[in-house]
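Hello,

Here is the structure I said I would pass on. Please look through the sequence and the model, then read the notes below.

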Amino acid sequence: MTTLEHALEIIAGTQPLAHPRGNRIPFIVWRLTDLQGDDAELEHTLRELDARGIATVTTWHYGARDKDLPRCLHYAGILKRLGLPVVVNTTSVVNRFFNGDERTAHIDADGNPFFDLSHSERVKIGCPFAVEFRYQAIRAQVETYVKAHHERGLPLDILIADWEIDGPIEWNDAWTHAKRCTRCCKSIPDIDDFHAFQAAYRRIRNEMQRQCYADVVRSLYPNTLVGNYAEYPNDGRRHWYDYFEHPPKREHPHTLDHLDPVRPWINGFADTHYTFAMPVVYTWHRIHGWYPWPESDYRWFYSMLKVVTNSGRSAPAALPVISFVHWHTTSPPKNGSAAPQMSERAYSELLWHMFLRGHDALAMWCTDPETLKETQLVQTVYAQALEHAEFLDKGTPVLFDVPAEPGTVVSALKLGKRLLVRRTDFRPDPTPVQVNIDGVSVAIPAEPGNCQILQLP
Ligand SMILES: [Zn+2]
């Protein structure tokens with residue numbers, strides 16, 4: 001299916017917003033990228049999507065820039081004419097620092113260069129202390145696209161990179177390789193301490209993103225939202241695993257939450273100079289096997305709520321949080337998954353709790369055949385949440401408890417003396433539960449499937 005066909009399918013399968021979007025960030029559907037059509041057709045489609053709160057994405061294709069850049073400029077011109085935000089997938093202009101050049105390799109005691117292929121067989125991850133000469137080339141890639149828009153007076157509203165397997169990464173076999181590299185050992189005197197190794201690697205990873213991407217964009221577009229997949233303020237713990245990340249080995253520090261190996265993480269978000277945070281809240285297949293509960297939904301929900309809470313609570317109020325979400329079981333084994341799919345109800349409830357725990361907006365990634373269903377699930381909650389725009393815009397999240405067993409989850413936004421509350425029960429319970437808000441005990445009645453507005457004493 002073409003992306004334009006997906007767009008038409010979504011328009012037919014969703015309802016226009018009943019409450020205006022106002023200045024809130026639209027719902028970003030990652031699959032709706034590079035819509036092709038004549039201008040009249042595109043304008044009509046983009047208007048219909050906007051009426052549903054949905055934004056499309058322009059993917060920059062640096063490798064094909066001679067043809068691609070004029071197309072991107074044209075599309076941005078249409079969006080400008082319609083007064084719609086320009087949302088961009090910038091991944092290609094930040095890829096790749098580690099381009100396979102032998103000068104970027106680690107170097108062993110015998111002087112032999114080597115790479116770390118434990119993240120991807122296709123990406124030769126090299127030495128963070130030998131890659132600085134690549135910065136200028138990446139900066140130039142970013143500048144090519146950003147300057148071209150700037151010179152034509154075109155807006156760039158939200159720039160999202162999916163920059164993952166490139167630059168220093170501390171997981172998988174990275175630490176073992178670093179300890180074999182004479183340059184890494186010289187540069188990190190405490191390399192036998194994982195935390196020192198991780199801090200050194202993250203410092204360079206953040207420097208790359210700051211100097212070659214965020215600062216380049218912000219020098220021409222100071223008000224643009226610029227960020228990257230999986231970069232967000234956090235509390236020093238990493239509660240999820242990306243598809244390419246292996247479980248920790250015995251020597252890697254981690255703490256077990258049931259069978260979930262929680263890893264230490266660096267909170268270096270401020271060093272990236274990004275202007276929005278981008279947590280990743282996905283139904284990773286491995287989540288389901290970590291916990292013992294018969295309530296299958298709470299296995300998914302618990303793990304994802306930990307990510308939601310960590311990121312929502314750690315982000316300063318002024319920093320927009322735009323979270324990647326995905327409902328269908330993510331990255332299942334090739335021979336199929338035995339884990340029951342998270343229910344639609346539990347996923348919808350999770351989206352509500354995200355809005356009530358400091359997440360501002362949603363970007364949805366999915367595979368091609370999943371597009372309509374995934375869009376419908378998110379758009380429904382997005383549209384309903386706009387009824388409470390005043391709370392979303394001005395309220396403060398006040399509840400961050402993640403129950404250690406399936407039970408009752410409560411989240412709330414406080415605005416003056418009023419609370420917007422969502423209560424979700426994973427074991428049926430008709431009685432009110434007590435929560436503590438600013439030292440006051442507040443009773444939260446059961447109200448399955450609905451938000452409540454409560455008055456504080
Ligand atoms: Zn090295």
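A term to begin with: two strands pair if DSSP finds at least two bridges between them. Tyr 282, for instance, stands opposite His 326 in strand S12. Strand S11 and S12 (residues 322-330) pair in the parallel sense over four bridges. Please keep in mind that this is a predicted model.

Overall picture

The protein chain has 13 helices and 19 strands. Along the principal axes, its C-alpha atoms fill a box of roughly 70 × 55 × 45 Å. A compact globule with 457 residues would have a radius of gyration near 23 Å, and the protein chain agrees with this, having 23 Å. Of the 457 residues, 42% are buried. Among the contacts with a separation of 6 or more, 77% are between residues 24 or more positions apart.

The eight-stranded sheet

S11 and S12 belong to an open sheet of eight strands, in the order S7-S6-S3-S2-S1-S13-S12-S11, with parallel pairing. Strand S7 (225-228) and strand S11 (280-284) stand at the edges; each has a single partner strand, so one side of each is left without a neighbour in the sheet. On average, neighbouring strands of this sheet are turned by 25 degrees against each other, direction ignored. Helix H8 (residues 194-220) lies across S7 and strand S6 (158-161), and H8 runs at about 160 degrees to S7.

The three-stranded sheet

Another open sheet has three strands in the order S8-S10-S9, and here the pairing is antiparallel. Its edges are strand S8 (237-238) and strand S9 (255-257), each with a single partner strand, so one side of each is left without a neighbour in the sheet. S8 pairs with strand S10 (residues 260-264) in the antiparallel sense over two bridges. Arg 237 has Pro 264 in S10 as its bridge partner.

Two residues in helices

Ser 311 lies in helix H10 (residues 296-314). Is Ser 311 buried or exposed? Ser 311 has 27 other C-beta atoms within 10 Å, and the cut-off for a buried residue is 20 or more, so Ser 311 is buried. Not counting residues up to four places away in sequence, Ser 311 touches Tyr 232, Asn 234, Ala 277, Pro 279 and Val 321. One of these, Ala 277, is 34 residues from Ser 311 in sequence, and their C-alpha atoms are 8.3 Å apart in space.

Trp 175 is found in helix H6 (residues 174-180). Trp 175 counts as buried, because it has 21 C-beta neighbours inside 10 Å. Leaving aside neighbours within four places in sequence, Trp 175 is in contact with Glu 170, Phe 194 and Phe 197. The C-alpha atoms of Trp 175 and His 252 are separated by 8.9 Å, with the two residues 77 apart along the chain.

Helix H11

How far apart are the end C-alpha atoms of helix H11 (residues 344-355)? They are 17 Å apart, which agrees with the 16 Å that its twelve residues should span at 1.5 Å a residue. H11 is mostly covered, with nine of its twelve residues buried. The buried residues in H11 are Ala 346, Tyr 347, Glu 349, Leu 350, Leu 351, Trp 352, His 353, Met 354 and Phe 355.

Regards

Note on methods. Residues numbered from 1 in each chain as written. Predicted model: local features only at pLDDT ≥ 70, side-chain atom pairs only at ≥ 80, totals over all residues. Axes fitted to C-alpha atoms, helices over the stretch in contact; angles between N-to-C directions. Contact = placed C-beta atoms within 7 Å. Rg over C-alpha atoms; globule rule 2.2 N^0.38 Å. Expected span 1.5 Å × (residues − 1).
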